[in-house]
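Here are some notes for a first reading of this structure.

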Amino acid sequence: MAVPSARPRARRRPLVAALFSALALAATAVPAGAAPTADFVPVPPHNPYAGPDGTATMHGDTGSSDTTPLAGPGAGNLSSKRVALASACPTVLVGSDGHPVVLCTPIFGQVPTVHLLNPADGSSLTTLQLTKGSLLGGVYAYLDDQDRLVVVDGSRSLLRVAHRKDASGKWHLSVDRSLSLASAVPADDAVTGLSPDWQGRVWFATGNGVVGLADDRTGQVSTLRLPAGERVANSISTAPEGTAVTSTHATYLLTAAADGTPRIAWRQAYDRGRARKPGLLSWGSGSTPTFLGPKTGTDYVAIVDNADTTVRLKVYRTDGGAEICSIPVLQASGGPGSENSPIGAGNSVFVAGTYGYPYPALPDGAGPSVPSSADFAGGLTRVDIRPDGTGCATVWDNTLRSAAVPKLSTATNTLHTVVRDPLIPGTKGTGILDPYRYVQIDPATGRVTRSRQVGVGSLYDTLQMAGTVAPDGAYLQGTVTGVLRITAG
C-alpha cells in the first residue's frame with residue numbers, strides 16, 4: 001500500500017481540475033470468477049479483538065492476507081460512482097453494522113478526517129477531525145470488535161473512535177477511549193502500523209524502529225527498539241503465534257513476555273538492494289508481512305525483498321523463521337519492485353508490482369531512487385508453496401498494471417483490483433489523463449474475466465491503495481480524491 005499524500009511536509013503536484021466527461025465508459029460482460037474450490041483456504045483465523053474478516057483492516061484481517069470472505073460485485077452490468085471527499089482515502093473499512101468507516105487526508109489543510117459513510121450510496125453521514133501530525137499510523141488503522149476505529153493521531157495518542165446515532169436519528173463520531181503513547185514514541189517519531197493481539201492489546205511499530213505493545217484498558221505500554229538504522233515503513237501483522245514486522249532490513253516475529261514486554265522470536269534479513277527504487281516509498285521491502293498457510297492459515301510469513309535487478313518472494317516458517325523459499329517474481333513485467341503486501345491464502349501467494357508508479361509525493365527521508373525514474377511496469381505473479389513445505393513454484397506471471405492492492409475473494413475465487421491503462425494503448429508511460437479500470441481476475445490463470453472503466457484522469461488515481469468488498473457486494477476503492485463505489489446489477 002502506498003499513500004504518500006499522508007506524509008507531512010511532502011511536496012505535491014496539483015491534481016487535475018476536470019475530466020473529459022465525454023469519454024464513454026466501457027464494460028465487458030464476462031462471468032465473474034469460477035466456482036469456489038479448496039485452493040485458497042485456509043486464511044488466517046479471526047482475531048476476536050478485530051472487526052469482521054475481510055473488512056476490519058486495510059489488508060482484510062490482522063494477518064494481512066488481503067483476502068475477503070465476501071463475494072464482491074455479482075451478476076449484471078457493472079457501474080461505478082465517485083464519492084468526492086476532496087481527500088486521499090487510503091483506509092476504507094466496514095464494521096459489522098455494514099457502515100463504511102473511512103480515514104482520509106484532505107487535499108487542503110491535510111487534517112486527518114474520519115468519515116462515516118452511508119452504506120446505500122457512499123455519501124458521508126458525519127465526520128470527525130483528528131489531531132494533525134504524521135498520519136502513517138492513521139493509514140493503517142483498524143476496526144475493533146465493537147466497530148470502533150483504532151488509530152494513532154498526531155498527538156501520539158491511541159484512540160478508539162465509535163459511531164452512534166442519537167435520538168433524532170443523526171449520526172455522530174466520538175472518541176471512546178484514549179491512551180497516550182508519548183512516553184514510548186519520541187516527538188520526532190510516528191506510529192506506522194498497529195494491530196491487535198489475541199489478548200486485546202495493541203501492537204504498534206514506529207518509523208524509527210520502535211516496536212511496542214499497549215493495553216489501553218490498563219494503561220501499560222512496553223517497547224523494544226530494533227537495531228540502529230532499521231526503520232519500519234509499512235504496517236505490521238498479528239497472528240496467534242506472534243506479531244510480524246518487516247523493517248527496511250529484516251523481517252521479525254515478535255512475542256510478548258509474561259509481563260507484556262515485546263521480545264524477538266526470530267529475525268531474517270533480506271536483500272534490500274542498493275537504494276530505493278521508483279515506485280517504492282522506502283529503501284527496503286514494500287511489504288506488510290503476510291501470514292498464510294495450509295494448516296492453520298498462519299503457518300508461514302511472506303514478504304517481497306528489494307533486490308536490485310529481480311525481486312524475490314521470501315517465505316518463512318512462522319515457527320522458528322526457517323526459509324521455505326526465495327523465488328523470483330514480477331519477471332514478465334520487467335519491473336523489480338513491489339510496495340504492496342502480498343496476498344496469501346492456503347499455499348498460494350500473489351504479488352503485484354509497483355515499480356515506476358508515479359506518486360505525487362514521497363515521505364520524508366525516502367531518499368533518491370535508482371534509477372531516478374522509470375515507466376510503470378506493473379506485473380502480477382502467483383507462486384504456490386509446495387504441499388510438503390519444501391519450496392515454491394511459479395504458477396503464472398503477467399504484465400497486468402494494478403494501480404491498487406488486489407483483494408482475493410474466497411467466496412468466488414476472484415481477484416479484484418483497479419488497473420491503470422496507458423492513455424495510448426501499447427505504450428508504457430503514465431500521464432494525468434490515464435484511464436482507470438476495475439477488473440476481476442481468475443486466480444487460477446491470471447486472466448481478466450470482467451472489467452469496467454471507472455474514470456479518466458488524476459481524480460481517479462487509486463495510488464496503490466487497498467480496496468474493500470462491502471457486505472452488500474459493492475467494491476469500495478480509495479482514491480486521491482475520495483472513494484469509488486463499484487456495483488453490479
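1. For the classes used below, Ala, Val, Leu, Ile, Met, Phe, Trp, Tyr, Cys and Pro count as nonpolar, Asp, Glu, Lys and Arg as charged, and the others, Gly among them, as polar.

2. The model is predicted: local features need pLDDT of at least 70, side-chain atom pairs count only at pLDDT 80 or more, and totals for chains, interfaces and linings use all residues. Residues are numbered from 1 along each chain as its sequence is written, and side-chain values use heavy atoms, without hydrogens and water.

3. The whole structure holds two cavities of 30 Å³ or more. A cavity is a set of points, on a 1 Å grid over the protein atoms alone, where a 1.4 Å probe fits but cannot get out; lining residues have an atom within 4 Å of a point. The largest cavity has about 100 Å³ of space, a volume being the space filled by probe spheres set on the points.

4. The largest cavity is lined by 14 residues, and Thr 57, Tyr 140, Leu 194, Ser 235 and Ile 236 are the closest to its centre. Its lining has six nonpolar, seven polar and one charged residues.

5. Strand S33 (residues 465-469) is largely enclosed by the rest of the structure, because five of its five residues are buried. Buried means under 20% relative accessible area (1.4 Å probe, protein chains only); strands are DSSP runs (E, at least two residues), numbered from the N terminus.

6. S33 pairs with strand S28 (residues 404-405) in the parallel sense over two bridges; strands pair if DSSP finds at least two bridges between them. Here Val 405 stands opposite Ala 466.

7. S33 and strand S34 (residues 475-478) run antiparallel, joined by three bridges, with Gly 467 opposite Gln 477. The two strands form a hairpin with five residues between them, and Gly 473 in the turn has a positive phi of about 95°.

Note on methods. 1 Å grid on protein atoms, 1.4 Å probe; cavity = no way out; pocket = protein on both sides within 12 Å on 5 of 7 lines; lining within 4 Å. Buried < 20%, exposed > 50% of the residue type's maximum accessible area, 1.4 Å probe, protein only. Helix = DSSP H or I, 4+ residues; strand = E, 2+ residues; numbered from the N terminus.
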